[in-house]
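Please read it with the structure open.

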Amino acid sequence: MSTLNTLKFPSGRSVKRLKQDAKALSRAENIPLHAALDLVANKNGFKIGWANAIRQLQSKQNESLLIQKSPLAIELGISDLELEQLSWEVDTIQSNDGLVYGYLVKIEDGPRDVLQKISGLDSDGCIRVGPNAFDEEPEPEPVTKMNPYRKLLILGLNELIKRGLLSLSWDGQSTEKTSHIETVIAGQNAIVSWSDAGFGEVRISVWWKYDHSKHPQANLSGNAREEFQTPSPLAKRSHYPKFVGVVCSAWLERDQGKYLQGYGNDHLFELYTRRGELEFLRNISDPEPIGYEPEGRFHM
């Protein structure tokens, strides 16, 4: 979670909560987001507007988003503080086989002086950014705590083992059919899917905080319909925040040991995290794997 979001206004509400308030106010009153941010700042103890309030809070805590920039802010050539004042829509630029080449960002609203700083913004307010523009900055893992994605994967795999849907033993020949279940993990609805990867390995995937009713491809037909056959949802990643909180996958080794391959974040794949969700996962208790190890050597 960004340190900006943890800063608190005199009212006691955090920057994260006030940004949510401002977005709701912007929609309800049909006013620009930057104007709503100023109103929220004034109501919560700063009569100097949102940008100046943030600068003052950062100065007090000796933190600066003008130095530490997010990937999207770097691509746009602005600071995180200026990025917070913009509202935008995103479309994914990808090949026919789903490989993401980048994103098309359409800036819908923002202060004129900030917009003028964005080099390459066309007359429609659009700019193309790279495939990593929306990646969250990885945070160092606490020494004594399990990787948060592995927690989800272990909880999901444990459920498959308890239900007798997947065995940790491999006879050297059999293969696993691609399948999935819907279950509850850490109090939230989740999809756990698995498929054979050859040589006894199994791909394990978890979609956590999943709401099928909000999936844009839930009720389509043919190959466009979500059937839970792939490690991540079929929808464009820009739609993920609407219906899923976390997506993660790993390889389960069963031939040369019984463990999830890799250590920490290494060799986990198809990772997606909605803002704020990772902090919750860090705080849940480390699960106990049922008959396997949470980490181990990666096999090519």
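1. Ser249 is buried, at a relative accessible area of 0%; buried means under 20%, exposed over 50% and partly exposed in between, with a 1.4 Å probe and protein chains only. Ser249 sits in strand β7, residues 246-253. Strands are DSSP runs of E with at least two residues, helices are runs of H or I with at least four, and both are numbered from the N terminus.

2. This is a predicted model, where local features need pLDDT of at least 70, side-chain atom pairs count only at pLDDT 80 or more, and totals for chains, interfaces and linings use all residues. Residues are numbered from 1 along each chain as its sequence is written, and side-chain values use heavy atoms, with hydrogens and water left out.

3. What surrounds Ser249? Leaving aside residues up to four places away in sequence, Ser249 touches Leu153, Arg203, Ile204, Ser205, Pro231, Leu268, Phe269, Glu270 and Leu271. Contact here means heavy atoms within 4.5 Å.

4. Asn42 lies in helix α3. Asn42 is partly exposed, with a relative accessible area of 25%. Beyond residues up to four places away in sequence, Asn42 touches Lys47, Ile48 and Gly49. Asn42 and Ala53 are eleven residues apart in sequence; their C-alpha atoms are 9.0 Å apart in space.

5. Now the helix pair. The crossing of α2 and α3 is right-handed, which means that the near helix is turned clockwise from the far one by less than a right angle. Leu18, Lys19, Asp21, Ala22, Lys23, Leu25 and Ser26 of α2 meet Leu33, Ala36, Leu37, Leu39 and Val40 of α3.
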